[in-house]
Amino acid sequence: MSEREAFERILALLHEAALDDTRWPTASALIDDTLGVRGNSFAVGDVLPEKEILFYFAGIFIHGERRHELEREYFEYYFSLDERVPRVRQLSDSQLIHMSELYSEEELKTSVVYNDYLNRVHAQNSMNFRLDGPNGTSIAWIVHDPVDGNGWSSTQLGSVRRLLPHLRQYVSVRQALAGSGALGASLTELLDTTGLGIIQLDRRGRIQNLNDRARELLRTGDGLFDKSGFLFARRPEDNAAFQRLLKRALPPIKAQGVGGSTIVRRASALPLLLHINPVESRSTDFRVWPVAALLLVVDPESRTRVDPDIAGETLDLTGTESLVAVLLAEGMSVRQIAVATSRKESTVRWHVKNILNKLGISRQADLVRLLLPLANAPESRYQRRNQS
């Protein structure tokens, strides 16, 4: 497999993994093999009070195998001792830095994390990145030590840099699906999603199928509309960017599509956020599967709503905690919640920490699973009291 073919296969696997959890180990293993490294790890999170972090995801993968025991060991013992954590948070977007540069000369001699844990996971000679993630989150990616034991070549570093925007896009699609409780859903099951618009496109960009939310958005024609089965943005400048996005995601036959995101502005509402994710071609019943790309349409003004009063009563949260929990479960980041509620980010982070402690969870996905069943719950006692 040539270098170009390997890179395109990695992209294809990242697109698959965005929709299917089981595909990430294969993508991770191919990244290791292509780069010639011993493994890679990445985490997505938001900073909470007292330097704690709300992790939306954190995983360590060695040649495609997820090492849960190493993850538990790190977070239960080493995380609180790791001197590099606050330094990684201060890195600029897409900045590359060698692991040894995140520790002082003295720490390189004395740090238990660097000398014990990172040695055992083959990451003392690793490269670290911090990426700006969706909704104000941060992505940390560690590419472990080169297999040959030598230093990093310019070719290796160039390949790593080329992967950065695609890793960010992978996380963006995952976050959009997580905010709607649709992680792990099949292409057919996604059409039942109510929290965001789902549009299936064929290789020409023609609409093959769509869910009710997407149909409603296209019917209004405010921002995004369809003409003869093809999609267009209302504003010329937005449409130019959108058509470029479609062209990259739906290239000629045998070329690998590339995912991406853009916004489409509306006259009377907040902009729509569009994520396009290529879908691997496959055959079914002797026919070619018609879906070549999936378009996710995120409307910030019409999320699946959960009544904060009901959430508070059900989960034993305070009024402010239940409101923050609902907004977090809807996919909003700490930064967005602060703006929406006119609170300081530090205050919101404090509430998030208390919510997670009360519920005994550590991830946004767990909170989504707790709250989504309450979306259609009957009125809260608080509402009934105020109506009587």
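This note walks through some local features of the structure, one point at a time.

1. **Ground rules.** This is a predicted model, in which local features need pLDDT of at least 70, side-chain atom pairs count only at pLDDT 80 or more, and totals for chains, interfaces and linings use all residues. Residues are numbered from 1 along each chain as its sequence is written, and side-chain values use heavy atoms, with hydrogens and water left out.

2. **Helix α3.** In α3 (residues 68–78), the buried residues are L70, E71, Y74 and Y78. Buried means under 20% relative accessible area, exposed over 50%, and partly exposed in between, with a 1.4 Å probe and protein chains only. Helices (H or I, at least four residues) and strands (E, at least two) are DSSP runs, numbered from the N terminus. Looking down the axis of α3, the buried residues fall within an arc of 105°, so they line one face of the helix. That arc is taken from the directions from the helix axis to the C-beta atoms. The cover over these buried residues includes β2 (53–62), β3 (65–66), α4 (85–89) and α6 (112–120).

3. **Aromatic rings.** How many aromatic pairs does a search of the whole structure find? There are 14. Rings of Phe, Tyr and Trp (its six-membered ring) pair if their centres lie within 6.5 Å; planes under 30 degrees apart count as stacked, over 60 as edge-to-face and the rest as tilted. W24 and F42 make an edge-to-face pair, 5.1 Å centre to centre with 70° between the planes. Because W24 belongs to helix α2 (residues 24–35) and F42 to strand β1 (residues 40–47), the pair ties together parts that are 18 residues apart in sequence. W24 is buried, with a relative accessible area of 3%, and F42 is buried too, at 4%. Elsewhere, Y74, F75, Y77, Y78, F79 and Y117 form one aromatic cluster; Y74 and Y78 are also among the buried residues of α3.

4. **Arginines over rings.** R162 lies over the face of F7, 3.7 Å from the ring centre. R234 lies over the face of F225, at 4.1 Å from the ring centre. A charge sits over a ring if NZ of Lys or CZ of Arg is within 6 Å of the ring centre and within 35 degrees of the ring normal.

5. Strand β9 (residues 224–227) and β10 run antiparallel and are joined by 4 bridges; two strands pair if DSSP finds at least two bridges between them. F225 stands opposite F232 in β10. Strand β10 (residues 230–233) has a covered face made of L231 and A233, and an uncovered one made of F230 and F232. The hairpin has 2 residues between its strands, and S228 takes a positive phi near 55° there. S228 is exposed, at 62% relative accessibility.

6. Another non-glycine residue with a positive phi is S94, at about 70°. S94 sits in the loop between α4 and β4 (95–98) and is partly exposed, at 21% relative accessibility. R161, in helix α7 (residues 154–178), touches S94 and L96, not counting residues up to four places away in sequence. Contact here means heavy atoms within 4.5 Å. The C-alpha atoms of R161 and L96 are 8.5 Å apart, although 65 residues separate them along the chain. R161 is partly exposed, with a relative accessible area of 44%.

7. **T137.** A polar atom of the T137 side chain is 2.7 Å from the backbone oxygen of P134. (A polar contact is a pair of N or O atoms within 3.5 Å; within protein, one must be able to donate a hydrogen and the other to accept it, and residues adjacent in sequence count only if both atoms are side-chain atoms.) Beyond four places in sequence, the contacts of T137 include V44, Y56 and Q175.

8. In α8 (residues 212–220), R213, A214, L217 and L218 are buried. They fall within an arc of 130° seen down the axis, so they line one face of α8, while the face turned away carries the exposed residues D212 and R219. The elements covering the buried residues include β9 and β10. For α11 (residues 319–329), 8 of the 11 residues are buried, so this helix is largely enclosed by the rest of the structure.
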